[in-house]
Amino acid sequence: MAGRMVVGSAALADLVRPASAPDPAGGHRVLPVRAELTGLLPNRGLRRGSTVAVGAGQPRRSGATSLILALLAEASRAGSWCAVVGVPTFGAGAAAEAGIALDRLALVPDPGPEWPTVVAALIDGVDVVVTAVPATVSASVATRLAARARQRGSVLVPYGRWDGADVTLQVVRGVWQGLGAGRGRLRRREVTVSARGRGAAARPKEIKVWLPGDELTRVIPRSAGLGVPSAAPSRRLRVVAPPARALAAAGPA
């Protein structure tokens with residue numbers, strides 16, 4: 001089955017309950033990421049309870065969606081549950097090609113006005129929660145969601161501007177490869193990813209990496225300067241529609 005539509009608060013609660021069950025990665029305080037991305041993160045992975053923001057960048061050159069796929073792939077392969085909220089263009093085919101297990105992936109393409117409640121409910125039972133950041137989100141709501149992720153041991157990955165993240169990753173440059181002289185197909189892109197944050201991530205870093213990757217990474221020395229910040233697979237995919245009203249069972253964000 002290519003996918004399953006799940007509607008309403010009861011269905012979302014049913015999703016969170018199995019996601020909360022023990023899994024191979026559940027006891028690890030740091031969830032793995034692709035080897036070429038470890039140098040960007042202070043714990044060389046996604047530390048449970050942390051907030052790792054991904055800047056959206058300029059639409060014409062942004063590789064932010066590919067970067068999100070790369071961040072999720074290893075944790076998913078290791079047994080973690082992942083959710084993506086508010087990103088209707090996030091494709092199941094691309095997720096599967098990146099190595100994300102579709103039977104442990106929940107999609108909420110349009111959470112609507114209940115965005116904070118939906119994200120809070122997923123934080124309660126999903127290991128990694130990626131969410132597009134609404135333009136209207138207040139600082140107080142963002143602070144409460146980050147605090148909830150710390151308490152529940154989830155990794156919150158806001159996609160867009162998010163003040164106060166432990167680490168913010170941003171694709172600052174990208175060059176496509178695959179086209180020849182008037183022919184060929186775009187196959188991969190060499191992107192430069194910057195990382196800056198607080199605490200152990202206070203020192204800015206940059207790397208160059210292929211997305212989709214071939215494990216080639218080049219670390220750029222600090223002295224070099226920093227930029228400004230197929231068909232659907234047959235495995236099971238959960239698409240979660242937003243509830244018609246607040247999810248009372250989830251509690252306040």
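Five of the five residues of strand β7, residues 128-132, are buried, so the strand is largely enclosed by the rest of the structure. Buried here means under 20% relative accessible area, exposed means over 50%, and partly exposed is in between, with a 1.4 Å probe and protein chains only. Strands are DSSP runs of E with at least two residues, helices are runs of H or I with at least four, and both are numbered from the N terminus.

Some ground rules before I go on. This is a predicted model, in which local features need pLDDT of at least 70 and side-chain atom pairs count only at pLDDT 80 or more, while totals for chains, interfaces and linings use all residues. Residues are numbered from 1 along each chain as its sequence is written, and side-chain values use heavy atoms, with hydrogens and water left out.

Back to β7. In a regular strand the side chains alternate between the two faces of the sheet. In β7, Val128, Val130 and Ala132 point one way, Val129 and Thr131 point the other way, and all are buried.

Which strands pair with β7? Strand β5, residues 82-85, is joined to β7 by four bridges, and the two run parallel. Cys82 has Val128 as its bridge partner in β7. Strand β8, residues 155-159, is joined to β7 by five bridges, again parallel. There, Val130 stands opposite Val157 of β8. For two strands to count as paired, DSSP must find at least two bridges between them.

Now β5 and its other partner. β5 and β6 pair in the parallel sense over four bridges, with Val85 opposite Val108 in β6. Between β5 and β6 the chain passes through helix α3, residues 92-98, in a right-handed β-α-β crossover. Right-handed means that, with the strands pointing away from the viewer, the path from the first strand over the helix to the second runs clockwise. A right-handed β-α-β unit is also made by β7, α5 and β8. As for β6, both of its faces are covered: Leu105 and Leu107 on one side, Ala106 and Val108 on the other, are all buried.

Is Ala83 buried or exposed? Ala83 is buried, with a relative accessible area of 0%. Beyond residues up to four places away in sequence, Ala83 touches Ala106, Leu122, Val126, Val128, Val129 and Val130. Touching, or contact, means heavy atoms within 4.5 Å. Ala83 and Val128 are 45 residues apart in sequence, and their C-alpha atoms are 6.4 Å apart in space.

Next, the helices. Two packed helices are described by the angle between their axes and the distance between the axes. Helix α4, residues 115-123, and helix α5, residues 139-152, pack at an angle of about 10°, with axes 9 Å apart. The axes are lines fitted to C-alpha atoms, for helices over the stretch in contact, and angles run from 0 to 180 degrees between N-to-C directions. α4 and α5 are therefore roughly parallel to each other; angles under 35 degrees count as roughly parallel, over 145 as roughly antiparallel, 65 to 115 as roughly perpendicular, and the rest as oblique.

Which residues meet? From α4 they are Trp115, Pro116, Val119, Ala120 and Ile123, and from α5 they are Val141, Leu145, Arg148, Ala149 and Arg152. By class, this contact has eight nonpolar, no polar and two charged residues. Ala, Val, Leu, Ile, Met, Phe, Trp, Tyr, Cys and Pro count as nonpolar, Asp, Glu, Lys and Arg as charged, and the others, Gly among them, as polar. Eight of the nine residues of α4 are buried, so α4 is largely enclosed by the rest of the structure.

Gly112 sits in the loop between β6 and α4. At 36% relative accessibility, Gly112 counts as partly exposed.

Leu46 lies in strand β3 and is buried, at 1% relative accessibility. Residues touched by Leu46 include Val128 and Val155. Arg44 is in the loop between β2 and β3. Arg44 is exposed, at 55% relative accessibility. Most residues other than glycine have a negative phi. Arg44 has a positive phi of about 60° although it is not a glycine.
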